[in-house]
Amino acid sequence: MYKKFLLIGSENFVDEIKPALSELALEIEIAQDYQEIVSVLRKKSIDIVLFDADHYPLKSSSLQKIFKLLKQSKKEFVVFSGIKNISTVLKAGEIGSSDYILKPYNFRELSLRLTAILNHRKKIVCLGGGTGLFNLLMGLKNLPDVLPISVVSTTDDGGSSGKLRESFGVLPPGDVRRSLVALSTAPEAMNDIMTYRFTEGGCFVGHSLGNLLLTALTKIKGSMSLAVSGLSDILNIQGIVLPVAITKSKLCALFEDGTVIKGESNIDLGKGRPPDLRIKKCWHEPPPKCNPNSFASIINADIVIMGPGDLYTSVITNLLIGDIRQAVTGTKSKKFYICNIMTKPGETSDFTALDHIKEIVKYLKQDCLDYVIISDNSSLSKGALLRYSRKKQFPVQVGDISEIKRITNAKIIIADVAHETELIRHDNQKIADCLIKIIRQEHLK
């Protein structure tokens, strides 16, 4: 799969990016001034253009002319920039860029992104956290023609993640670690190392080794984002993992009786309050700063998937970030919501699929959903349902379809996507098959 590239930018940009293209490029053309660019673009053999926007003054006429030329060329092109503001990412999308790569970039991630464009692989951004996101990524990892991108929640403050967050001031590593393991192609022993949890050793008790590695790398590299990229290389993951935010924040919830609970783990566990007490409103304290790489990935996705996962603490916590919400509602990609299989005391007791969808639309502040996948739970065994009922957990019922259609214009898909062993979860193969079937039947671009 060798292709012909046109590089537009400074000599430093060309020198830096050439090594990353060694396994992709058959031929590389280089151009800087407008006339050179015009001349090379006339060559029909150019497959993709890599454009260094930093080489040209942001509001200069030359930059505007090049933008116009790239748009008119109808060739695939990718914008590279060190400018991390949201408006610049949006501008690149408006002119038709296939992706927006923020500097400094990771060679492995860059290769995956370019390969996806050149081979027409669908960039599927999965927005969530917890075991729901893990199972979804496990299903997507081995699909042909798909690049999975995990945008992971960063408000976990319980268990090992919470302790490391408080002790070292890092973003919580637990959900990030799960995504890395889900997408890993490393030997099984390496994944066992990542998930190993200490049961002895004093201060180590309760910590997973993967969480400790991410914490150490964050201290070494200076940020969780760079730590994730570094560990992604070690695990050779089949995709990209991105924290949703770059600053710490606490998830807060106002309940219907006026009670305010602060902290994701406190909301999640539901201790000290009636299990059927509903959440009226959620917010962050302080508001977290969006990871610009996550914003750019959502804007340039082909498909964005929200869920499955705990409704408020894994899914909606991401939609509370204004820039993420703007990206989800503003991207031209198809938007999916995968509804949970079981209710959860303290968070979604007695919720139907209708209730879940209402909350997603509420926090998106508009209906932009294209597809909603609801589990057909008819195959769940009586034994499993009995075990869950003892914990006050029950299958999520579909609810009134006509009411759902008043809330969203999304196509409602009811499918067998559940898996049952000791726990009832989304089956990674079934959910992947369901997604592929929709993509093929609907001819999604």
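1. Asp 310 is partly exposed, at a relative accessible area of 25%. Here buried means under 20% relative accessible area, exposed over 50%, and partly exposed in between (1.4 Å probe, protein chains only). The model is predicted: local features need pLDDT of at least 70, side-chain atom pairs count only at pLDDT 80 or more, and totals for chains, interfaces and linings use all residues. Residues are numbered from 1 along each chain as its sequence is written, and side-chain values use heavy atoms, without hydrogens and water.

2. Lys 344 forms a salt bridge with Asp 310, with the closest N and O atoms 2.7 Å apart. Lys 344 lies in the loop between strand S13 (334-338) and helix H16 (353-364), and Asp 310 in the loop between strand S12 (303-306) and helix H14 (311-319), so the pair ties together parts 34 residues apart in sequence. Lys 344 counts as buried, at 19% relative accessibility. A salt bridge is a side-chain nitrogen of Lys or Arg within 4 Å of a carboxyl oxygen of Asp or Glu. Helices (H or I, at least four residues) and strands (E, at least two) are DSSP runs, numbered from the N terminus.

3. The structure holds 14 salt bridges. Among them is Asp 99 with Lys 123, the closest N and O atoms being 3.9 Å apart. Asp 99 sits in strand S5 and Lys 123 in strand S6, 24 residues apart. Asp 99 is buried at 1%. Lys 123 is buried at 5%.

4. Lys 430 pairs with Asp 416 in a salt bridge, the closest N and O atoms 3.3 Å apart. Lys 430 is in helix H19, and Asp 416 is in the loop between strands S15 and S16.
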